[in-house]
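Keep the viewer open as you read.

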Amino acid sequence: MVKLSSIFSDYMVLQRDTDENLFWGLAKGQVTVQFKNEESGNQDEIFEETVAVDEGGNFKVSLPKRAAGGDFSLTVKDADGETKVFEHITYGDVFVCGGQSNMELPLARTMEKYADEITATDNKNIRFFRVPEKFNFHHTEEMIESGSWQYAKMPEILNFGAVAYFTAKEISEKEGVTVGIYNTAIGGTPIKSWVGEETMRELGLHVAEYEECKNDEWVQETQRREQAEDMAWREDADKSFEQDLSGNLSGTFNVPGFFEGTPLGGKCLAVHFKKEFELGDGWSDEETKLYLGAIIDSDKVYVNGEFVGETGYLYPPRIYKIPQGLLKKGKNVIEIRFLVFRREGGFMPGLGKYYMIKRPDGETVSLAGEWEYTVAKEMPYIENMTFFSYKATGVYNCMIYPLRRVKTRGFFFYQGESNVDDYATYKDEFEAVIKDWRKLWGDETLPFMFVQLASFNDGNRAGYYGRRSYLTEEQRKCCELPFTAMIQAYDLGESSDLHPTNKKEVGRRAALAAADLVYGREKYIPGPERVDIEYSIYSETENEAKVIFGDSIKLILSHGIGMLVEEDRNETDVIGFCYWIGDTAYPAKAEIIDNNKVLVRYPKEAEVISYAWSDSPLDANVYSEDRLPVVPFRIELNK
């Protein structure tokens with residue numbers, strides 16, 4: 001009997017230039033491991049070692065040190081003759097990625113932006129292991145029990161994390177090596193999910209929650225009950241669409257928009273939406289796409305009576321294929337069976353590329369505007385389900401700890417959306433994660449590179465968080481730890497999409513951080529960062545502040561790096577600086593007066609000046625020459 005972690009599979013990547021690559025597992029008696037380069041065929045390069053297992057049946061073997069490359073096979077045989085063989089193993093650079101949904105987001109979700117590049121890829125130099133989601137609140141685990149290594153080709157590439165893929169691609173091309181990625185990210189996980197129990201207890205945070213989750217019977221009953229309730233709620237809502245809806249609450253709604261302030265606002269609903277529209281010739285000839293943006297919360301969509309797609313939760317913008325021949329000249333009908341779970345429904349506004357149909361030649365027909373609706377049923381409020389992966393330490397025990405023997409060059413991390421409301425403790429918790437992971441790997445110098453949150457403000461919904469900048473500032477402070485780098489992304493976000501698709505630029509910037517911290521090349525900066533400020537009086541009513549950035553910085557004005565900046569703008573004007581009176585921000589006059597200096601003017605009663613300090617500062621336009629945005633800041637003025 002040979003039992004191995006599933007990280008040992010065909011196409012595995014081992015860290016080059018080290019003798020610390022371990023092969024381990026459980027077996028009976030003794031184990032023989034053979035490792036050979038199938039490319040060279042050189043018998044002198046064959047590595048073979050026989051080891052005895054310990055009292056617990058554990059064995060480990062150090063694999064030979066090799067330079068990058070090679071096509072190796074690994075064979076393991078136990079005392080009973082059971083044999084396992086793994087092929088196409090290579091040496092390169094290995095990284096561990098973690099975080100929540102923006103690190104997990106698969107390339108399949110970016111196909112609208114990168115389809116040609118993704119579908120044409122067949123690249124064994126980029127390899128990916130998706131660590132399966134699992135939690136344990138009792139103890140750490142030694143092995144990962146499912147999953148396998150894949151290399152970048154269709155269709156497997158569609159499941160690769162987009163940020164991880166583009167980062168690996170940049171590094172692989174620049175360094176000329178295979179890059180292997182372990183991706184552990186889980187959408188929605190707060191920072192507490194990724195820290196060890198001992199550290200969590202030292203912080204004095206989330207301990208009661210962790211202890212509660214040790215009750216397996218309660219965890220299993222909670223999952224069973226909530227899943228049953230959710231299924232019953234959805235089934236009840238779905239059935240309501242089959243009844244005679246005449247006489248039910250009906251009207252029209254202007255799409256896109258939120259339901260607040262309308263007869264649909266503040267209710268949990270099953271509601272039927274309908275839109276009639278006219279088409280000319282040519283729409284039935286080819287497959288067409290329907291773009292509906294993000295719907296809050298759930299939808300099933302029909303075109304001319306035929307089902308074309310569904311999404312069961314609120315975040316992804318809906319993009320559904322309409323089969324060839326389904327659309328027709330003249331009148332067509334789109335219907336949506338729309339579910340609102342928690343009284344805050346609507347069609348996400350601010351997505352200019354949605355609410356339309358589009359055919360391959362680029363012609364579009366808008367679906368924005370007036371839609372008819374009929375409420376099928378007003379539903380009871382349903383609580384969010386309990387996701388135990390979001391609880392403290394559980395996934396660390398099953399998804400990080402079992403990787404500790406993997407030799408790696410460093411970590412990439414993208415997380416924070418789930419901590420915007422508790423930014424006050426974020427620095428302590430995030431630093432604890434960084435220290436815990438380094439301690440686990442036994443190397444306090446392992447580079448830890450993390451992405452600052454991208455812009456998002458829920459489609460400009462009134463009263464949205466307003467605290468995103470405070471969280472990103474706590475992230476920035478974590479660069480006080482050595483061997484860390486912050487990768488900015490606020491300009492790459494979308495005000496209406498929590499999961500922006502411009503992951504290629506995130507990957508480019510992440511690779512720039514690795515070029516410094518991992519490879520010791522050009523010094524990395526996240527973007528122009530304020531190093532000093534000088535105050536002066538401008539007039540009886542106004543003061544000035546000269547904001548000074550690093551000596552080597554040359555500031556430029558730019559836009560278009562972010563995704564939704566579509567309007568024409570006068571790029572001679574500096575945009576993004578504000579002055580604050582109380583809790584209200586006002587645009588401040590500013591100008592670049594030297595390569596690395598910006599002069600900001602503000603009234604004497606101003607209390608604070610800031611740059612890019614908002615949930616979605618997509619209009620901020622000051623960059624370095626190498627296309628990195630100014631790091632946001634907020635300064636209380638010295639009276």
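For sorting lining residues by class, Ala, Val, Leu, Ile, Met, Phe, Trp, Tyr, Cys and Pro count as nonpolar, Asp, Glu, Lys and Arg as charged, and the others, Gly among them, as polar. By that scheme the second largest cavity is lined by 9 nonpolar, 2 polar and 2 charged residues.

Some ground rules next. This is a predicted model, where local features need pLDDT of at least 70 and side-chain atom pairs count only at pLDDT 80 or more, while totals for chains, interfaces and linings use all residues. Residues are numbered from 1 along each chain as its sequence is written, and side-chain values use heavy atoms, with hydrogens and water left out.

Now for the term cavity itself: on a 1 Å grid over the protein atoms alone, it is a set of points where a 1.4 Å probe fits but cannot get out, whereas a pocket is an open set with protein on both sides within 12 Å along at least five of seven lines. Lining residues have an atom within 4 Å of a point. Grid points are joined across faces, edges and corners, and a volume is the space filled by probe spheres set on the points.

The structure has 7 cavities of 30 Å³ or more. The largest cavity holds about 110 Å³ of space, and 14 residues line it, with Leu453, Ser469, Thr472, Tyr490 and Ser614 closest to the centre. That lining splits into 7 nonpolar, 5 polar and 2 charged residues.

Back to the second largest cavity, at about 70 Å³. Among its 13 lining residues, Met12, Leu14, Asn21, Val406 and Lys407 lie nearest the centre. Strands E1 (13-15) and E2 (22-26) each give two or more residues to this lining, and E1 gives the most, with 3. Helices (H or I, at least four residues) and strands (E, at least two) are DSSP runs, numbered from the N terminus.

What about the open spaces? The second largest pocket has a volume of about 790 Å³. It is lined by 28 residues, and Met111, Glu112, Lys289, Tyr291 and Ile319 are the ones nearest its centre. Helix H2 (111-119) and strands E14 (288-296), E17 (317-322) and E20 (356-358) are the elements that supply two or more residues to that lining. By class, the pocket lining has 12 nonpolar, 4 polar and 12 charged residues.

On to the rings. Rings of Phe, Tyr and Trp (its six-membered ring) pair if their centres lie within 6.5 Å; planes under 30 degrees apart count as stacked, over 60 as edge-to-face and the rest as tilted. A search of the whole structure turns up 50 aromatic pairs. Take Trp218 and Phe388: their ring centres are 5.5 Å apart and their planes stand at 90 degrees, so this pair is edge-to-face. Trp218 belongs to helix H6 (residues 216-240) and Phe388 to the loop between strand E22 (369-379) and helix H7 (394-400), so the pair ties together parts 170 residues apart in sequence.

Are the two partners buried or exposed? With buried meaning under 20% relative accessible area, exposed over 50% and partly exposed in between (1.4 Å probe, protein chains only), Trp218 is partly exposed at 29%, while Phe388 is buried at 2%.

Elsewhere, Phe253, Phe259, Phe273, Phe338, Phe347, Tyr355, Trp371 and Tyr373 form one aromatic cluster.
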